Protein chains: 2
Amino acid sequence: MTNILTLPSACDFHIHLRQDDMMKMIVPRILEGGVSLCYVMPNLKPPITKTDQALAYKAQLEQLAPNVTFLMTLYLTPELTPEEIRKAKAHGIVGVKSYPRGVTTNSDSGIESYNTYYDVFKAMEEEGLVLNLHGEVPSDADNDVCVLNAEEKFLVHLKQLHHDFPRLKIVLEHATTKAAVDMASDTIGCTITVHHLQLTVDDWAGKPHNFCKPVAKFPHDRQALRDVILEGHPRFFLGTDSAPHPDNLKECAQGAAGVFTSPLTMSYLATILESFGSLDKLHGFACVYGKRFYGVSEKQGSGREMRLLKESLTVPKNYEYGKDGDAQKGRVVPFLAGQVLNWKVVCE
Amino acid sequence: MTNILTLPSACDFHIHLRQDDMMKMIVPRILEGGVSLCYVMPNLKPPITKTDQALAYKAQLEQLAPNVTFLMTLYLTPELTPEEIRKAKAHGIVGVKSYPRGVTTNSDSGIESYNTYYDVFKAMEEEGLVLNLHGEVPSDADNDVCVLNAEEKFLVHLKQLHHDFPRLKIVLEHATTKAAVDMASDTIGCTITVHHLQLTVDDWAGKPHNFCKPVAKFPHDRQALRDVILEGHPRFFLGTDSAPHPDNLKECAQGAAGVFTSPLTMSYLATILESFGSLDKLHGFACVYGKRFYGVSEKQGSGREMRLLKESLTVPKNYEYGKDGDAQKGRVVPFLAGQVLNWKVVCE
C-alpha cells in the first residue's frame, strides 16, 4: 500500500481568486492545497478585459503568494481587439476566456455570437493564445434547453470554432458530460474539476454548497469523466473552477453557483481518484497534461516538490475572511465540509 | 376577456397538512386557496398506519376547517393487513400511500418490494381502496439511477402492479415526466402539482423553495404535463403535494424537499393554466376528474361555489406559525413568494 506520494506541485488550470478580503484569504491557501501554478479567471467586478488590468491583478496575487505562478487571461468582450491580443501576448498573458451571457457568476459581460470575434480569434491563433470556453448555451425552455443539456447543446459552437480555427488551442472548461468528453482532439482539451469527479445531480438537489455551473449531471456523465482519467488521456487536466461565495449567498432563497476547493485541492483529488482506482493517474492529470497542452515548460511553477501522506483529514466547516468588525467579514463553506479525506498535502 | 370564473370549489388529491402549530396555520388556509376537499397524506411522525390514527387525525383537521372534506389514507408498511384494509374501508378511509424507502420527507418507513404486500393489494382491490404511489426508485449511481430518472425507472413496478391487479385503482402521484404521463389507463390516474406545471430543473438549481421530490425536470417533461391538461384528459387531476417546511430547513446546507402552495392553490393554478392557454380546463382538472376517478360523488365536499376574479395578487413572502416566544414558532415561504399572480379566489 502506498502511504506517501511524491509529486511535483500541481497545476490548476481554472481558478477563481476573487478580490479584496476574500482574495486575501484564498490566495495564500493555493499552495496549501498542493498547487503552485494556476490559471486565473478574469470574471472580476469589473471584468479583466485589458492587459494592463490583468498585470495589475497579477501583481496583487504575486504579493499574496510569491511562490505561486499565476497565468493570466482576458475576458472576451466586443472591445477586445487583435492589437490588444498582440499586446497581451507580449506581456505574457496566456489566454482569453469566453462566457456565454448570463450563464454563470459575473458573466453579464459575456458573448452572444462568436462571429463578431473572428478577427480576435485569428490573432489568438497566430499568437498562440488559448481560448477558454465556458461551454454552455443559455437556457431556453421553448427549445428544451436547460442546465442539464446546456453543455451538450453548446458543442456545435465548439465544433464550428475548431473547424474555422483548427490551430487555435481551445479548452472546453469544466467538462461535465459524456458528449463534451468526446470532443477532445489535438487542439481541443478539457479541464475537469475536483467536484465533478465526485458529484451527480443528486448531490446538489437541495444542497447549495454542491451547486455550481455547469451542474453535475447523471452518474453516466460522471463515469465518462472518470473514464478519461483512468485512461490517462493527455487532453484532460485539472482545472478546479474553485469558486468561493460567502455562505449567506449560498444558503438562501437563490444561491450562487460555485464550489470552493482551493485550500485542499490535492487532498480532495487524491481521495477521489483513489476511490475509483486511479491514484496512479494523479501525476499526469494534475501536474503534466495541462502544462503540455498550454505549452508551459515543465520547470515553470514547479520549483517545489509536494508530498501527499495517507492520513485522515477532516475538511474545515468554513474559512473566514475579513477582520472582526468589518462589514466585509464573512465565511466560505468548502467542498465536503466536515467530511474526512484520506490524503494530506505537505509542501516542502 | 373572462374576468370572473365561477366554479365549484376545488379538490386537492394530494396534500400534506403536517402536525401541531404548522398544521394549525395551514389547515384554515385550504379553503382560502379555493379547495374544499382534500386527500391527506399520512407521512406524519409517527406515520399514520392504522385506521384509528387516521380517524383521530381527521377529527383534528375537521376541527380546524369544518367546511373542508378530508379524505384519509394509510401509510403502507409491513404491519398493514387485509383485515386492517377492511376496517379502514368500513370507516371511510379511501386509500393507502406507498413511499419507496428514503426517497422523500418522512419516508424511512416506506416500502422496499411490493411482493410482500400482495395480500393487502388484493384486499384493496376487493374493497375499492385506491393505491397511491410515490413513483420513484431510490438513487443508485452504479446503475445510473438519479433524481432525474428515478420516476421513469419506477414505471416497470407500476406496470407489474397494474398487470397483477388490473381492477385496483392506482394513482401515480405528482407525475413529472413524459414517460409517467404515458402510463395513464382506465385504472391508472396521475395527480399533477401546481408547481410541476411551472418549473423545470433550472428553477430549483440553487433555489431551495422550488426544490421538491420528484424534482422538476426537462422543459419537454413540463410540456408533457401541460399537454394532458390542454387535452382535458380525465385521468390527470390536481394533487398539489403542497409540502411546507420551515424556512430555516429550506435555506440551509441540506434543504428539505417540498413546495408550499395551499393558501393560494387556485390563484396559482388559474394563473399558470392561463399562461399556456388552458384556463378552460381548470374546471375539469381541479374540480371534476379526480372525484370521478376516486368515485367520490359530485356533491361531496362541494357545497360551496368559488369565484376567481382576474385581479393582481402578490404572493406573501412567508406565512408565520406558532406563537411569539414559542420554540415552535417559524415561517414557511410559499411558492413564487413575492411574485404577482393574476387571479384571486373568493369563496362564498
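Predicted model: local features only at pLDDT ≥ 70, side-chain atom pairs only at ≥ 80, totals over all residues.
**Stop 1: strand 2 of chain A**

Select residues 10–15 of chain A, which form strand 2. Six of the six residues are buried, so the strand is largely enclosed by the rest of the structure. For one pairing, pick D12(A): the residue opposite is C38(A) in strand 3.

**Stop 2: G239(A)**

Is G239(A) buried or exposed? Its relative accessibility is 0%, so G239(A) counts as buried. Show what surrounds G239(A), leaving aside neighbours within four places in sequence. The contacts are D12(A), F13(A), H14(A), T191(A), I192(A) and T193(A). D12(A) is the residue already seen opposite C38(A). Next, draw a distance from the C-alpha of G239(A) to that of H174(A). The separation is 6.9 Å, although the two residues are 65 apart along the chain.

**Stop 3: two salt bridges in chain A**

Select R235(A) and D186(A). They form a salt bridge, with the closest N and O atoms 3.5 Å apart. The pair links distant parts of the chain, 49 residues apart. R235(A) sits in the loop between helix 9 (219–231) and strand 9 (236–238). D186(A) sits in the loop between helix 7 (178–181) and strand 8 (188–192). R235(A) counts as buried because its relative accessibility is 19%, and the cut-off for buried is under 20%. D186(A), at 61%, counts as exposed.

Move on to E274(A) and K310(A). Their side chains meet in a salt bridge at 2.7 Å, N to O. This pair also links distant parts of the chain, 36 residues apart. E274(A) belongs to helix 10 (residues 265–275) of chain A. K310(A) lies in the loop between strand 10 (305–309) and strand 11 (313–314). E274(A) is partly exposed, at 25% relative accessibility. K310(A) is partly exposed too, with a relative accessible area of 28%.

**Stop 4**

Switch to chain B and select R29(B) and E32(B). Where do R29(B) and E32(B) lie? Both are in helix 2 (residues 29–32) of chain B, three residues apart, about one turn of the helix. R29(B) is partly exposed, with a relative accessible area of 24%. E32(B) is partly exposed, at 44%. For a network, go back to chain A and select R86(A), E126(A) and E127(A), which are joined by salt bridges that share partners. Over all chains, the structure holds 28 salt bridges.

**Stop 5: the interface**

Show both chains and select residues in contact across them. Each side contributes: 26 residues from chain B and 26 residues from chain A. About 2,200 Å² is buried between the chains, and carbon and sulfur atoms give 67% of that area. How many salt bridges does the rule find across the interface? It finds zero between chain B and chain A. Polar contacts do occur, with a count of eight residue pairs at pLDDT 80 or more for both residues. On the chain B side, colour helix 8 (201–204) and helix 9 (219–231), the elements that give two or more residues to the contact with chain A. By class, this side of chain B has 14 nonpolar, seven polar and five charged residues.

**Stop 6: backbone exceptions**

Most residues other than glycine have a negative phi, and most peptide bonds are trans.

- K45(B) and P46(B): a cis peptide bond joins them, with omega about -5°. P46(B) is in the loop between strand 3 (35–40) and helix 3 (51–64) of chain B.
- K213(B) and P214(B): this peptide bond is cis, with omega about -5°. P214(B) is in the loop between helix 8 and helix 9 of chain B.
- L336(A): phi is positive, about 60°, although the residue is not a glycine. L336(A) lies in the loop between strand 13 (330–332) and strand 14 (340–341) of chain A, and counts as buried at 13% relative accessibility.
- R18(B): phi is positive, about 60°, and the residue is not a glycine. R18(B) lies in the loop between strand 2 (10–15) and helix 1 (20–26) of chain B, and is buried, with a relative accessible area of 12%.

Key
Residues numbered from 1 in each chain as written. Chains lettered and ligands numbered in written order. Heavy atoms only, no water. Buried < 20%, exposed > 50% of the residue type's maximum accessible area, 1.4 Å probe, protein only. Helix = DSSP H or I, 4+ residues; strand = E, 2+ residues; numbered from the N terminus. Pairing = 2+ DSSP bridges. Contact = heavy atoms within 4.5 Å. Buried area = accessible area lost by both parts, 1.4 Å probe. Salt bridge = Lys/Arg side-chain N within 4 Å of Asp/Glu carboxyl O. Polar contact = N/O pair within 3.5 Å; in protein donor to acceptor, adjacent residues only side chain to side chain. Nonpolar A, V, L, I, M, F, W, Y, C, P; charged D, E, K, R; others polar.
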